[in-house]
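Welcome, and please open your viewer with the sequence panel beside it. We will go from stop to stop, selecting a few residues each time.

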Amino acid sequence: MDAPNCPGLSIGWATRDATPDRPAVLGAQFHMRVSEGVDGPVTVTAMALSTEGPDAAAAVFVSCDTGGFRHRWYDENDFLRLCREAISEKAPDVDLSTVILNATHTHTAPNTLINRYGEAPLPDGVATADECMLLLRTGIAEAVAEAWASRTPGGVSYELGTAIVGHNRRATCFVEDSDRPAGAVVGGFTRMYGDTNDPAFSHIEGYEDHYVDLLYTWDGSDNLTGVVVNLACPSQETESAMYISADFWHEIRQELRRRHGSHIQVLAQCSAAGDQSPHRLWYKAAEERMLALRGLTMREEIGRRVADAVDEVLPVAAKCIHRQLQFGHIVREIRLPRRMVSDEEAAAVHDDLDKLEAEARAGKNNYRVAQRARRVLERYEQQKQSPEIPMELHLIRLGDMAFATNRFELFLDYGIRIKARSPAVQTFLIQLTANDGWDGTYLPSERAIANRGYGGGVYDNEVGPEGGRVIVEETLKGLLELWGG
């Protein structure tokens, strides 16, 4: 089972509650929402792995119930810098290059982006973006420090399960849709959450990934201590709700702890899922009927499905615990070609911005949408001097499995390319990781660019298919290095 010539593994876990004690503006969406309660805590979970000796390696995975990592519009690495400073204060012995922050991409987490919806004063008693950022940053630093300090000899096992959670959300039609609100979406043959009952409906644009990559952790007495759950779906089943929530990850954690004890840690990771969501586009009536018969909400059903996937392979995992295994961690900066904004696109965005600013002068609060237009025009100017943007890439080998990160909402096509060609038996992809650059834009597939629609238009991506291919090839190149070429 083990690799006797490899050093022993040490593992530490920690979690923190990052839920404000009063209402907060909720992140994501194009309109401001002030929370009206808490449906479940938003948390930070850290897992620290390390080995000792001449070939010592380490990785600290930190999963955050948040929409993404951004604090100021025009300071692209501010969030990561602030977090690293806080980690250094709490855990000065942690190598910051080993820490990986990932967002679960819930749309009902407190907003941490200053002036996301303009500079209008918030209602009395509502937490500011600065306050929410401080709470999240403190939780990250404390969780990292505790996980690192609590490391003890342990073991891991990695297995593969299945659970239907994510669905491709892009419905393609036979005819082009010309409905195009200024600054919001683009016309095309595909619409996000398009009506599949429309006679013009042709097909769902892309593939789905129902695999669940699982990494179990064990203490020195073979007791289960935690599980990494990696699946290709953002946590957005109740994305438009008016309460603070981790969305379906709350139900997954609850169900796993109900079955295995309140001490069990759950680290949530979203794999490549830029074109995925938990929303069903077809057979919706059948799904709703089954939920009613079971007496479950869809989030509870997702919790049941994922917990079943964890439990189904748990007996196998318990027989395959590895305490000594090859462990390597590569961190490198790669350069990605920009998705170039054409002269024609820039002119159209200029027209959109004129309309949006006229609406704003008339009293409409469309700041969030107008910012998207301004960002496109900034990119149009920036691409002339800097046609590439950086991305910090983490690649980890842990025995026969691997982790690979990216900072985008990466369309599934790229994830499947990496998994299919990876030298690892299992490859855990982690999207929306905190980075030194602008985070969180979509990275669409070639067919999404051709079909347009939300996610595939100029407003929605700073890097296009050319950059996606670079991520795939650089990821595979690094993994091959970890596997000895």
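Begin with helix 8 and helix 10: helix 8 passes helix 10 in a right-handed crossing (right-handed if the near helix is turned clockwise from the far one by less than a right angle, left-handed if anticlockwise). Before going on, please note that this is a predicted model, in which local features need pLDDT of at least 70, side-chain atom pairs count only at pLDDT 80 or more, and totals for chains, interfaces and linings use all residues. Residues are numbered from 1 along each chain as its sequence is written, and side-chain values use heavy atoms, with hydrogens and water left out. Helices (H or I, at least four residues) and strands (E, at least two) are DSSP runs, numbered from the N terminus.

**Stop 1: two helices side by side**

Select residues 412-421 for helix 8 and residues 465-482 for helix 10; their axes come within 10 Å and cross at roughly 20°. That angle makes helix 8 roughly parallel to helix 10 (angles under 35 degrees count as roughly parallel, over 145 as roughly antiparallel, 65 to 115 as roughly perpendicular and the rest as oblique). Axes here are lines fitted to C-alpha atoms, for helices over the stretch in contact, and angles run from 0 to 180 degrees between N-to-C directions.

Now show side chains. Tyr414, Arg417, Ile418 and Arg421 of helix 8 meet a set in helix 10 that includes Pro465, Gly468, Val472 and Leu476 (contact means heavy atoms within 4.5 Å).

**Stop 2: Pro337**

Next, pick Pro337 in strand 15, residues 327-337. Which residues does Pro337 touch, not counting those up to four places away in sequence? They are Pro387, Glu388, Val463, Glu466, Gly467 and Val470. Pro337 is partly exposed, with a relative accessible area of 24% (buried means under 20% relative accessible area, exposed over 50%, partly exposed in between, using a 1.4 Å probe and protein chains only).

**Stop 3: helix 3**

Move to residues 248-260, which are helix 3: its 13 residues reach 18 Å from first C-alpha to last, close to the 18 Å expected at 1.5 Å a residue (the expected span is 1.5 Å times one less than the number of residues). Colour Phe248, Trp249, His250, Glu251, Ile252, Arg253, Glu255 and Leu256, which are buried. Their cover includes strand 2 (43-50), strand 12 (224-231), strand 13 (265-270) and helix 5 (298-318).

**Stop 4**

**Stop 5: Gly161**

Finally, select Gly161 in strand 6, residues 155-162. Is Gly161 buried or exposed? Gly161 is buried, with a relative accessible area of 2%. Around Gly161 you will find His210, Tyr211, Val212 and Leu214 in contact, leaving aside residues up to four places away in sequence.
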